[in-house]
Amino acid sequence: MAAPMAYRRAVCSLARIFVGITKLGTKGLSACGGHRDCRITRSHVPLRWSTSFHTGAVFSSPSSIRVTDEPDTLFQKVSVLVKGHDRAVLDSYEFFATMAAKELGITLDKVFEPPKYIERLTLLKSVHIFKKHMVQYEMRTHYRCIELSRLTGSTAQVYLEYIQRNLPEGVAMEVSKIAMEKVPEHILEPLWKNQPTDRTGQ
Amino acid sequence: MAARSGKALVSLGRLNGCGLGLHTSLSRATYATALTTTTTGNKVFPERGNRGGFARKPRRPPGDPRTEKMAVDQDWSAVYPAAAAFRPGSVPLPVRMGYPVNRGVPPEKRGNLELIKIPNFLHLTPAAIKKHCKALKPFCTEWPTALDSNAKCDEFFPIKVKTTDYVSASNSIRNPAARIVNLQVKLSSLNLDDHAQKKILKLVGDRYCKDTDTLTLTTDSCPLRKQNYDYAMYLLTVVYHESWKTEAWEADITRADMDEYIWEDSPSQKNILDTLVRMKAAAEGEEEAMEEEVLGRPEVQEYKDSVSRLKNEGENESSLLQYREAVKKVLQL
């Protein structure tokens, strides 16, 4: 059957991830210079994953998970800010996003509501003259911020794609990602360590 | 299958009526599995509108809404598998929405435009979310357990690159602010000696924050994010290597331009030496004390420390006290 095989392969890849990380843990991570030694495998999200959860029925052919050796990016923080005109919609969306994060095993740092912003306009009511009669409009923008900490690139991609596909109409989103990187090899030592220090730089 | 296609056509009709983007529900319809919803058996799809007028068959009255036939333990994700408008005949809840006119009650759900307008989350019930996440879980990777605190992350991965993505509905999906890349690094994690440390601060200017020891480089001059990221790394490399270089003209620095006060060869040293030599000459007669011997005395060293501290740190309680004590000891008061 295709289903258990695919899952077994996924489990094996996860096992490879764990082995790699314990090795890194013992070496103290300082030995590896650059991304290449971080043997965190990256899984590629296929394009048609949406078909697999359509109904509750057992799937006959699950989407295949491709595992590459390319090192995964590490995000120290992913901050999702949603903006909308209706507070109730944002409440429901926050419930959905936090529940999805918990189900996928992502740690939630903070979930808070920045203060709303109201833009007010005062316009003339009539097309021509009648300056004393004006009408006032206001546009309220409500915000909700969900901060997630310590995700890998694959997890972030999966979570963000899921969140963004289910973004309701009339709601905008800004995602700030802070990726962590090692100091690159060319910055570890200065170029002119072995050369005389007093060079004329004209 | 007829019932299923009938349902798809109904939703198509709703599309024309309300103008909502429900193309996803159509595409979902084509992947329907064996789980068909139970509708009233072999109902012929009713005529839409009275085009011919009186020659056509009269329109049949609509049957019971689907809510009457729903089981309590049904699979709700089959009723609302994807985002769709509110259908009062498919949602078995006595929902009311709207302004209560004439001190009445909010209007019922049948024919209620407010309920159709507002986005609903009927397709994202907790059960559905769990199902989706279960299917998505194999694509996620674990965070390395060795990096469990922020301090460890900063120690091994000191460079932080911040990028922002924007999602909104408008004529275009592009947002020019998405190209901005912000690179932050703590100077303590870079390999810099004293001279390099001072020079990098001069090269970088405002982009360095002394309180958090962070250098921030923000690049937005290129049109693509990848280009801005490459440019930021290039800037970091250049600034780092340039700070290690010592130019020939750096030796021409004058006393006034120096960052720190150096006590050697300063007026303060000359004064104290003069005073001490004259004091010794007056006390012991003709004996001329050697300068090095005078300088080597611990009181003179203390005096040197206190003066340097006053000049470098500024005047505060503790430095003034230290200066007072040092002067008293040197002049043997």
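Modeller: Let's start with Ile129(A), which is exposed, because its relative accessible area is 54% and anything over 50% counts as exposed. Keep in mind that this is a predicted model. Ile129(A) sits in the loop between strand 5 (117-124) and strand 6 of chain A. Its backbone is worth a look too: Ile129(A) has a positive phi of about 50°, although it is not a glycine. Now look at Phe130(A), which is found in the loop between strand 5 and strand 6 of chain A. Phe130(A) is not a glycine either, and its phi is positive as well, near 60°.

Is Tyr137(A) buried, exposed or something in between? With 47% relative accessibility, Tyr137(A) counts as partly exposed, because that class runs between the 20% and 50% cut-offs. Leaving aside residues up to four places away in sequence, Tyr137(A) touches Glu119(A), Arg120(A), Leu121(A) and Leu123(A). Take Arg120(A) out of that group: 17 residues separate it from Tyr137(A) in sequence, but their C-alpha atoms are 5.7 Å apart in space.

Stay in strand 6, which covers residues 134-152 of chain A, and you'll come to His142(A). His142(A) has 10% relative accessibility and therefore counts as buried. What does His142(A) touch, not counting residues up to four places away in sequence? The list is Val82(A), Lys83(A), Gly84(A), His85(A), Asp86(A), Arg87(A), Leu90(A) and Lys116(A).

The crossing of helix 2 of chain A past helix 3 of chain A is right-handed. Which residues meet there? From helix 2 of chain A come Tyr93(A), Phe96(A), Ala97(A), Ala100(A) and Ala101(A), and from helix 3 of chain A come Tyr159(A), Tyr162(A), Ile163(A) and Gln164(A). Sorted by class, this contact between helix 2 of chain A and helix 3 of chain A has eight nonpolar residues, one polar residue and no charged ones.

Now zoom out to the whole of chain A. It has three helices and seven strands, and their order along the sequence is α-β-β-β-α-β-β-β-α-β. Chain A contains 202 residues, and 42% of them count as buried. If you take the contacts in chain A between residues at least 6 apart in sequence, 76% of them join residues at least 24 apart. Chain A exposes about 12000 Å², with carbon and sulfur atoms supplying 55% of that area.

Let's hop over to chain B. Its secondary structure comes to twelve helices and four strands. Buried residues are 31% of the 333 in chain B, and its accessible surface comes to about 21800 Å², with 56% belonging to carbon and sulfur atoms. Among contacts in chain B with a separation of 6 or more, 54% are between residues 24 or more positions apart.

Ala83(B) counts as partly exposed, at 35% relative accessibility. Although Ala83(B) and Leu124(B) are 41 residues apart along the chain, their C-alpha atoms are separated by 8.3 Å.

Last stop: another helix pair. The axes of helix 11 (residues 298-313) and helix 12 (residues 317-330), both of chain B, come within 9 Å and cross at roughly 155°. That makes helix 11 of chain B and helix 12 of chain B roughly antiparallel to each other. Helix 11 of chain B passes helix 12 of chain B in a left-handed crossing. The contact includes Tyr303(B) and Leu310(B) of helix 11 of chain B, and Tyr323(B) and Val327(B) of helix 12 of chain B. By class, this contact of helix 11 with helix 12 of chain B has nine nonpolar, four polar and five charged residues.

Key
Residues numbered from 1 in each chain as written. Chains lettered and ligands numbered in written order. Predicted model: local features only at pLDDT ≥ 70, side-chain atom pairs only at ≥ 80, totals over all residues. Heavy atoms only, no water. Axes fitted to C-alpha atoms, helices over the stretch in contact; angles between N-to-C directions. Helix = DSSP H or I, 4+ residues; strand = E, 2+ residues; numbered from the N terminus. Parallel < 35°, antiparallel > 145°, perpendicular 65-115°, else oblique. Left-handed = near helix turned anticlockwise from the far one by under 90°. Contact = heavy atoms within 4.5 Å. Nonpolar A, V, L, I, M, F, W, Y, C, P; charged D, E, K, R; others polar. Buried < 20%, exposed > 50% of the residue type's maximum accessible area, 1.4 Å probe, protein only. Areas by Shrake-Rupley, 256 points an atom, 1.4 Å probe, with all protein chains shown as cover.
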